[in-house]
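Hello,

Please find the structure below. My notes on the sheet and the helices follow it.

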Amino acid sequence: MNHSVTNPLDRARDLVDAADRIVVFTGAGMSAESGIATFRDALTGMWENHDPMVLASPDGWDADRDMVWAWYRERAAQVRSTEPNAGHLAIARLADEKAVGGGSVQVVTQNVDDLHERAGSTVDAHLHGGLFAPRCEACDRPEPPDVALVAPRPDCPVCGASIRPGVVWFGEMLPATDWQRADEATRTCDLMLVVGTSGVVYPAAELPERAYRAGTPIIEVNPDVSALTRLATVPLVGSAAELLPALAER
Ligand code: APR
């Protein structure tokens, strides 16, 4: 075999070995092997005749708070019934290994589940908010994570307005501190892993593009081609739970 041509996984492993400050940018595909449907597949069962663009929007909320709350509560309950997959665990392990050598692994996710955290990762940015970050729609007071599972829809104990899901709806601004942390991490990293995202939703998808323009090597993990594959130094074709453990093992 011609040893000068290493296979993509070996090239990716070399990049991971050489990196000190890794950013892992994840999307819905990261949680697929935990059994969590991607955003567009979530509309099964009783929700199949609802439009996600309506349910996940300020107008949808204003039109029917009880229905939108029930949909997010069901998604939160589904997340609680699943487990982090081998991919989530591999990212947490890689962070521990890099920390020993003074390096870092920062997680920037578009996902609203808490599987990275439950696998042991610290999440630097939840760009689209989180299922377990309910808050008052009027006074913005944050509620404990488990309030996301309460039925019927609860009211704010302080001002009496409605508690709303903690996710970012279409048309809403991303949380400023999460965006700033994600942008800073992207600017200072020396390797970006892009895992399980179609790369079509902005401004989140702008982050890999900024890494690319800065000349930062990018490894993509995705069974399909995405809008970000064109930016990848090493595109790895496969799933998060299969490839991330292979990338992380030292
Ligand atoms: N491992 C890795 N990637 C996977 C896997 C897997 N097991 N299964 C699917 N994928 C890939 C798909 O090929 C696709 O490219 O994950 C990607 C999922 O794309 P989307 O469903 O568009 O999810 P995402 O990119 O996270 O969407 C971004 O849009 O729906 C809104 O706000 C929502 O945060 C979400 C944002």
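Which strands does helix α6 lie across? Helix α6, residues 86–100, lies across β1 (21–26) and β2 (104–109). Its direction is at about 150° to β2. Please keep in mind that this is a predicted model.

Now the sheet. It is open and built from 6 strands, in the order β3-β2-β1-β6-β7-β8. The pairing is parallel. At the edges sit β3 (123–126) and β8 (234–237), and each of these pairs on one side only. From one strand to the next, the twist averages 15°.

Strand β7 covers residues 218–222 and pairs with β8 in the parallel sense. That pairing runs over 4 bridges. I219 has V234 in β8 as its bridge partner.

Next, helix α9. This helix lies across β1, β2, β6 (191–195) and β7. Against β6, α9 runs at about 150°.

Helix α9 also meets another helix, α8. The two span residues 206–213 (α9) and 176–188 (α8). Their axes come within 9 Å and cross at roughly 25°. Angles under 35 degrees count as roughly parallel, so α8 and α9 are roughly parallel to each other. The crossing of α8 and α9 is right-handed.

Which residues make the contact? From α8 they are W179, A182, D183 and T186. From α9 they are L207, R210 and A211. By type, the residues of this contact divide into 4 nonpolar, 1 polar and 2 charged.

Best wishes

How values were computed
Residues numbered from 1 in each chain as written. Predicted model: local features only at pLDDT ≥ 70, side-chain atom pairs only at ≥ 80, totals over all residues. Heavy atoms only, no water. Axes fitted to C-alpha atoms, helices over the stretch in contact; angles between N-to-C directions. Parallel < 35°, antiparallel > 145°, perpendicular 65-115°, else oblique. Left-handed = near helix turned anticlockwise from the far one by under 90°. Contact = heavy atoms within 4.5 Å. Nonpolar A, V, L, I, M, F, W, Y, C, P; charged D, E, K, R; others polar. Pairing = 2+ DSSP bridges.
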